[in-house]
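Work through the following exercises with the sequence and the model open. Each task is followed by a solution in steps.

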Amino acid sequence: MIALGEKQILEVVKETDFGIYLSGGNDEEKVLLPKKQVPAGIEIGNSIEVFIYRDSQDRLIATTNEPLLILGNIANLKVKQVTGIGAFLDWGLERDLLLPFGEQTVKVKEGDFCPVALYIDKSNRLCATMRIYGRLSAESPYKKDDKVQGVVYDVKENLGVFVAVDNRYFGLVPPPEVYKKFNIGEVVEGRVLEVRNDGKLNLSLRQKAYMQMDDDAALLIKELENNGGMLPFNDKSDPELIKQKFNMSKNAFKRAVGRLLKEGRIELGESSIILKGRE
């Protein structure tokens with residue numbers, strides 16, 4: 001059987017001037033591998049691994065090119081063009097992949113990246129969908145404090161940032177760990193805060209407090225230098241304002257301030273932080 005959207009090993013059954021025909025076995029169905037992709041020296045009876053999709057005339061076609069996405073997987077693909085029927089994505093093949101408007105969870109534009117899965121539509125054509133939640137697994141190999149990488153596929157203010165870890169597993173950055181705006185298709189690195197009872201991963205995109213403190217302190221110094229040596233913040237500042245300005249929690253801010261005070265690099269005014277050594 002010739003399977004649309006999958007990589008498979010097929011047998012060469014016929015040679016022509018424009019390519020070779022491949023078959024999956026005893027059935028009569030055949031698919032063309034165009035001549036420009038036929039390996040040198042291949043003969044009738046040989047086997048070859050190909051990917052099956054449809055050409056510009058919606059005919060089944062084989063390719064030896066490596067697709068960036070196959071059925072059952074998820075990939076973060078770049079938008080090449082937006083038309084009246086949807087967006088077209090670059091998936092490594094000659095014919096771009098359609099992402100219909102109805103399968104977009106957010107409106108995409110040319111140049112965007114979006115995590116998508118592959119599906120076969122009612123017309124038996126391959127299309128992309130951004131609705132990947134139900135295609136992710138809760139059976140990851142990760143445990144608490146493991147480092148992970150993933151791609152953002154949804155953002156909900158009251159729930160957090162949804163991440164497809166390794167393009168395969170459920171990941172969520174809960175609201176207390178969200179300190180900046182995240183975009184769909186953004187690749188992120190973090191660590192596992194918790195493996196929930198249902199197997200899904202709660203994530204932090206920041207290091208442990210004692211490690212993150214150095215980065216946060218360096219950020220405060222940079223902000224002070226960029227603002228003439230003074231910032232209108234202190235340990236009583238509003239947590240939301242701290243989050244908006246520095247992409248960190250108030251506790252992280254206070255730890256960084258404490259580090260810099262201990263090192264003698266700053267001093268505190270009545271309602272400000274002042275960089276020492278600056279007039």
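**Exercise 1: salt bridges**

The count comes to 15 salt bridges, a salt bridge being a side-chain nitrogen of Lys or Arg within 4 Å of a carboxyl oxygen of Asp or Glu. This is a predicted model, in which local features need pLDDT of at least 70 and side-chain atom pairs count only at pLDDT 80 or more, while totals for chains, interfaces and linings use all residues. Residues are numbered from 1 along each chain as its sequence is written, and side-chain values use heavy atoms, with hydrogens and water left out.

Task: Describe the salt bridge of D145 with R191, and state which parts of the chain the pair ties together.

Solution. 
- Step 1. The closest N and O atoms of D145 and R191 are 3.7 Å apart.
- Step 2. D145 lies in the loop between β10 and β11, and R191 in strand β14 (residues 187-195), so the pair ties together parts that are 46 residues apart in sequence. Strands (E, at least two residues) and helices (H or I, at least four) are DSSP runs, numbered from the N terminus.
- Step 3. D145 is partly exposed, at a relative accessible area of 30%, whereas R191 is buried, at 15%. Buried means under 20% relative accessible area, exposed over 50%, and partly exposed in between (1.4 Å probe, protein chains only).

Solution. 
- Step 1. D121 is buried at 16%, and R125 is partly exposed at 35%.

**Exercise 2: cysteines**

Task: How many disulfides does a search of the whole structure find?

Solution. 
- Step 1. A disulfide is a pair of cysteine sulfur atoms within 2.5 Å.
- Step 2. The search of the whole structure finds 0 disulfides. For C114, the nearest cysteine sulfur is that of C127, 13 Å away.
- Step 3. C114 is buried at 1% relative accessibility, and C127 is buried at 4%.

**Exercise 3: aromatic rings**

Task: Classify the ring pair of F51 and W91 and that of Y142 and Y169, and place each residue in the chain.

Solution. 
- Step 1. Rings of Phe, Tyr and Trp (its six-membered ring) pair if their centres lie within 6.5 Å; planes under 30 degrees apart count as stacked, over 60 as edge-to-face and the rest as tilted. The whole structure holds 10 aromatic pairs.
- Step 2. The ring centres of F51 and W91 are 5.7 Å apart and the planes stand at 85°, so this pair is edge-to-face. F51 is in strand β4 and W91 in the loop between β7 (86-90) and β8 (97-100), 40 residues apart. Both F51 and W91 are buried.
- Step 3. For Y142 and Y169 the centres are 6.4 Å apart and the planes are at 85°, so this pair is edge-to-face. Y142 sits in the loop between β10 (126-129) and β11 (147-156), and Y169 in strand β13 (residues 169-173), 27 residues apart. Y169 is buried at 8% relative accessibility.
- Step 4. One aromatic cluster is formed by F51, Y53 and W91.

**Exercise 4: nonpolar cores**

Task: Which residues of the largest nonpolar core touch the most other members?

Solution. 
- Step 1. A nonpolar core is a set of buried Ala, Val, Leu, Ile, Met, Phe, Trp, Tyr and Cys residues joined through side-chain atoms within 4.5 Å.
- Step 2. The largest core has 34 residues, of which L22, L89, W91, L97, L99 and V116 touch the most other members. Strand β4 gives the most to this core, with 5 residues.
- Step 3. Beyond four places in sequence, the contacts of L89 (heavy atoms within 4.5 Å) include L77, V79, L97, L99, C114 and V116.
- Step 4. Another core, of 17 residues, lies apart from the largest one and has L224, L231, I242 and I273 among its members.
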